[in-house]
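Please prepare a short briefing on the predicted model shown here.

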Amino acid sequence: MIGIFPDLADVPVTHCWTGKLGFARDFLPHLGAIDGRHYALACNGSGVALLPYLGYLAAQKVLGSSDGDNAYDGQEFRQIHPFYTGRPWFRPFLSGFYRWKDFREGSG
């Protein structure tokens with residue numbers, strides 16, 4: 001943070017967001033419907049800006065309007081995840097690594 005905004009060097013950080021993000025393997029948002037259920041997901045870290053628009057497009061599709069037609073419609077999710085079977089077994093290792101890295105950089 002200080003590398004980007006040096007003026008914040010003396011500002012204490014009291015809160016941070018640790019929510020989940022929806023990343024897709026192809027790095028594209030996905031909008032579509034399965035069994036009559038419409039979805040808009042996988043904004044790859046841009047959900048705050050993009051999901052209101054994708055929600056609007058999904059609503060237009062539900063209403064049957066051609067205004068909902070878009071480039072993100074019905075794209076298939078690519079299923080090429082080596083060593084991944086649907087359970088994120090690697091998450092504790094990555095979290096531990098980044099905790100260690102944050103600790104090391106903060107105390108160095």
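Valine 13 counts as exposed because its relative accessibility is 58%; buried means under 20% relative accessible area, exposed over 50% and partly exposed in between, with a 1.4 Å probe and protein chains only. Valine 13 lies in the segment before β1. This is a predicted model, in which local features need pLDDT of at least 70 and side-chain atom pairs count only at pLDDT 80 or more, while totals for chains, interfaces and linings use all residues. Residues are numbered from 1 along each chain as its sequence is written, and side-chain values use heavy atoms, with hydrogens and water left out.

**Overall form**
- The chain has two helices and two strands; these are DSSP runs numbered from the N terminus, with helices being H or I of at least four residues and strands E of at least two.
- Along the sequence, the pattern reads β-β-α-α.
- The chain is more spread out than a compact globule, because its radius of gyration is 19 Å, well over the 13 Å that the globule rule gives for 108 residues. The radius is taken over C-alpha atoms, and the rule is 2.2 Å times the number of residues to the power 0.38.
- Taken along the principal axes, the box filled by the C-alpha atoms is roughly 55 × 40 × 20 Å.

**Surface and contacts**
- Of the 108 residues in the chain, 17% are buried.
- The accessible surface comes to about 9000 Å², and carbon and sulfur atoms account for 60% of that area. Areas come from the Shrake-Rupley method with a 1.4 Å probe.
- Among contacts between residues at least 6 apart in sequence, 36% join residues at least 24 apart; contact means heavy atoms within 4.5 Å.

**Loops and backbone angles**
- Aspartate 35 sits in the loop between β1 (30-34) and β2 (37-41). Its phi is near 50 degrees, a positive value in a residue other than glycine, and aspartate 35 counts as exposed at 70% relative accessibility.
- Alanine 42 is in the loop between β2 and α1 (47-62). The phi of alanine 42 is also positive, near 65 degrees, but alanine 42 counts as buried at 8% relative accessibility.
- Most residues other than glycine have a negative phi.

- Glutamine 60 is in helix α1 and counts as buried, with 13% relative accessibility.
- Leaving aside residues up to four places away in sequence, glutamine 60 touches Ser65, Asp67 and Gly68.
- Proline 88 is in the loop between α1 and α2 (91-107), and at 26% relative accessibility it counts as partly exposed.

**Separations across the sequence**
- Valine 13 and tryptophan 100 are 87 residues apart along the chain, and their C-alpha atoms are separated by 18 Å.
- Proline 88 and glycine 19 are 69 residues apart along the chain, with 15 Å between their C-alpha atoms.

**Second largest pocket**
- The second largest pocket holds about 220 Å³ of space. A pocket is an open set of points on a 1 Å grid over the protein atoms alone, where a 1.4 Å probe fits, with protein on both sides within 12 Å along at least five of seven lines. The volume is the space filled by probe spheres set on the points, which are joined across faces, edges and corners.
- Its lining consists of Cys16, Trp17, Thr18, Gly19, Lys20, Leu21 and Phe23; lining residues have an atom within 4 Å of a point.
- By class, four of the lining residues are nonpolar, two polar and one charged. Ala, Val, Leu, Ile, Met, Phe, Trp, Tyr, Cys and Pro count as nonpolar, Asp, Glu, Lys and Arg as charged, and the others, Gly among them, as polar.
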